[in-house]
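This report goes through a protein chain together with its ligand, beginning at the ligand and then turning to the chain as a whole.

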Amino acid sequence: MHKKRIVALRRLKESHLQRLREAFEVAYFEEPELQPEAVAAALRQAHGLIGGKLQVTSAMLDEAPALEAVATISVGYDNLPVAELSRRGILLTNTPDVLTETTADTGFMLIMASARRLVELANMVREGRWTQHVGEPHFGHDVHGKTLGLVGLGRIGRAIARRALGFNMRVLYSNASPKPDLEAQWGLERRSFEQLLAESDFVCLTVPLTEQTDHLLGYEQCQAMKRSAFLINVSRGRVVDEAGLIRALDERLIAGAGLDVFEQEPVAADSPLLRMDNVVTLPHIGSATHETRAAMASCAVENICQALRGERPRDLVNPEARPGGFVQPQQEQPVDAK
Ligand code: DGY
């Protein structure tokens, strides 16, 4: 029987490629931007597409008539045309769960780094500017005992809440649906978005990018925050209206920000954000550890294998793409004891 064909993009480990090659004919492109024509030619025959930072357009899909499944190596899929994929019967999978704890670590790291001025003061030492004992001009703010406001209480929001409770913080959340179990067990308190902005010492964005969350927080929302508050963003850059945030930081409407994501990535070298001492900027490293990126790739590999066997993949984003349903997974055959 002929193997199905897949296109695999960007820096998969040899072990992942080997697993894919056992099941499929694999066309692998480590740096697809250097070979756009070869990628397009491979896609014309492909049943599956797997990779990180995938950019998929309708025009591309027109040229990939055999495509059955796309497996993104990310939890976010705001860069992918979900409705268009579903309309064409193409399954989309992502990689939730495996990156939750690592991304929550990044969020909490930004809370700590912003409050204690970690980057600014570490740079002072490194650059030989630590010439006298530190006094009030260099003091930071406590994190323990403060109020954290989580905008969105999905997996990553909950994992940040757990960390915050360990720091004896009060935790507020705004979310479309209430979470009575977490209110009862952990003492979380639900607020409207506006109320959360007004009460929080740290406002942390963990919502996915959707039409509703696009530019959710800008100048006006910063005006509603405490002047001593910090904004933390580990979701997507476009959830923040960056021009509005820059204006608010310039006017000292808020105390600072910790940002892992930007409207444009990589962020422009001349962004005013990069010159502000009270802004900690990271290059979108929410899930970027060796362990977690490997786990995400394994997860995507399993998803594409399941999808192309006709089974329901574990992390299916768009079940509506396959109204006819899925085949049952094959049972592992027990190995007879000799
Ligand atoms: C994700 O998985 O969505 C992370 O932000 C990395 O892109």
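## Ligand surroundings

A polar side-chain atom of His284 lies 2.8 Å from an oxygen atom of the ligand, a polar contact being a pair of N or O atoms within 3.5 Å. On its own the ligand has 230 Å² of accessible area, and the protein covers 85% of this, with areas taken from the Shrake-Rupley method with a 1.4 Å probe. This is a predicted model, in which local features need pLDDT of at least 70 and side-chain atom pairs count only at pLDDT 80 or more, whereas totals for chains, interfaces and linings use all residues. Residues are numbered from 1 along each chain as its sequence is written, and side-chain values use heavy atoms, with hydrogens and water left out.

| Residue | Atom of the residue | Distance to a ligand oxygen atom |
|---|---|---|
| Val75 | backbone N or O | 2.7 Å |
| Gly76 | polar backbone atom | 2.9 Å |

The residues surrounding the ligand (a heavy atom within 4 Å of it) include Ser74, Leu99, Arg236, Ser287 and Met296.

## The chain as a whole

The C-alpha trace of the protein chain spans about 75 × 50 × 45 Å along its principal axes. Of its 338 residues, 47% count as buried, that is, under 20% relative accessible area with a 1.4 Å probe, protein chains only. Among contacts (heavy atoms within 4.5 Å) with a separation of 6 or more, 58% are between residues 24 or more positions apart. The accessible surface comes to about 17900 Å², of which carbon and sulfur atoms hold 51%.

Terms used
Buried means under 20% relative accessible area, exposed over 50%, partly exposed in between (1.4 Å probe, protein chains only). A polar contact is a pair of N or O atoms within 3.5 Å; within protein, one must be able to donate a hydrogen and the other to accept it, and residues adjacent in sequence count only if both atoms are side-chain atoms.
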